[in-house]
Amino acid sequence: MREKLLHLARNTLAMLFLALPTVSYAEGLLTVTTDGASESLSLDDLLAMPQSTVITKNDYVDDTTEFSGPALKDLLVRYDIGPDETLTLRAINDFSVSVPAADAYQYNVILALFSNGEKLTTRDKGPIWVIYPMSDHEELRDDSYNSRIIWQLTSITAE
């Protein structure tokens, strides 16, 4: 009987543990570096920013998709990063790309956290995917812009 109670207690604790919200909402998700200083932003920090929506197609989705998350421009303004600077965007796998900050000022580039209302996961190019409104601007359908829609973004460095 004692073993059955211990087994039941272990299973109950395991279910309670799995039901708790993950700590990842408070953990650093994106590091922003400018002038040698870095700040780590959590998912909560990014969700607290004004959210934007972009409905677009790109080479990595089959259909027109609704993406939402904070506008890259709002993040740049928050850190006094102007349109004349260059951004180095780095992904989880250490892939990086240089992007003119002017893109964020000219177009509604977003740091997508959601795709069609679902939170992006690492498996589906999240938790942060840089999205350009490609369907709204013909010039964005060029390969040079296509390479800028980096997924699994972990850091932004202004230079």
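Y132 is buried, because its relative accessible area of 2% falls under the 20% cut-off. The model shown here is predicted. The protein chain has five helices and 11 strands, and five aromatic pairs occur in the structure.

**Aromatic pairs around Y145**

- Y145 is also buried, since its relative accessible area is 16% and the limit for that class is under 20%.
- Y107 and Y145 form an edge-to-face aromatic pair, with 6.2 Å from centre to centre and 80° between the planes.
- This pair links distant parts of the chain: Y107 sits in the loop between helix 4 (102-106) and strand 7 (110-112), while Y145 belongs to helix 5 (residues 143-146), 38 residues apart.
- Both Y107 and Y145 are buried.
- Y132 and Y145 form an aromatic pair that is likewise edge-to-face. Here the centres are 6.0 Å apart and the angle between the planes is 65°.
- Y132 lies in the loop between strand 10 (129-131) and helix 5, and Y145 lies in helix 5, so this pair ties together parts that are 13 residues apart in sequence.

**Aromatic cluster**

- One aromatic cluster is formed by Y60, F67, W129 and W151.

**Charges over rings**

- R148 lies over the face of Y145, at 4.5 Å from the ring centre.
- K125 lies over the face of W129, at 5.8 Å from the ring centre.

- S68 is part of strand 4 (residues 65-70).
- S68 counts as buried because its relative accessibility is 16%, and the class covers values under 20%.
- Leaving aside residues up to four places away in sequence, S68 touches S52, T53, I110, L111, A112, L113 and F114.

**The chain as a whole**

- The protein chain contains 159 residues, and buried residues make up 39% of them.
- Among contacts in the protein chain with a separation of 6 or more, 57% come from residues 24 or more positions apart.

Definitions and conventions. Residues are numbered from 1 along each chain as its sequence is written. This is a predicted model: local features need pLDDT of at least 70, side-chain atom pairs count only at pLDDT 80 or more; totals for chains, interfaces and linings use all residues. Side-chain values use heavy atoms; hydrogens and water are left out. Rings of Phe, Tyr and Trp (its six-membered ring) pair if their centres lie within 6.5 Å; planes under 30 degrees apart count as stacked, over 60 as edge-to-face and the rest as tilted. Helices (H or I, at least four residues) and strands (E, at least two) are DSSP runs, numbered from the N terminus. Buried means under 20% relative accessible area, exposed over 50%, partly exposed in between (1.4 Å probe, protein chains only). A charge sits over a ring if NZ of Lys or CZ of Arg is within 6 Å of the ring centre and within 35 degrees of the ring normal. Contact means heavy atoms within 4.5 Å.
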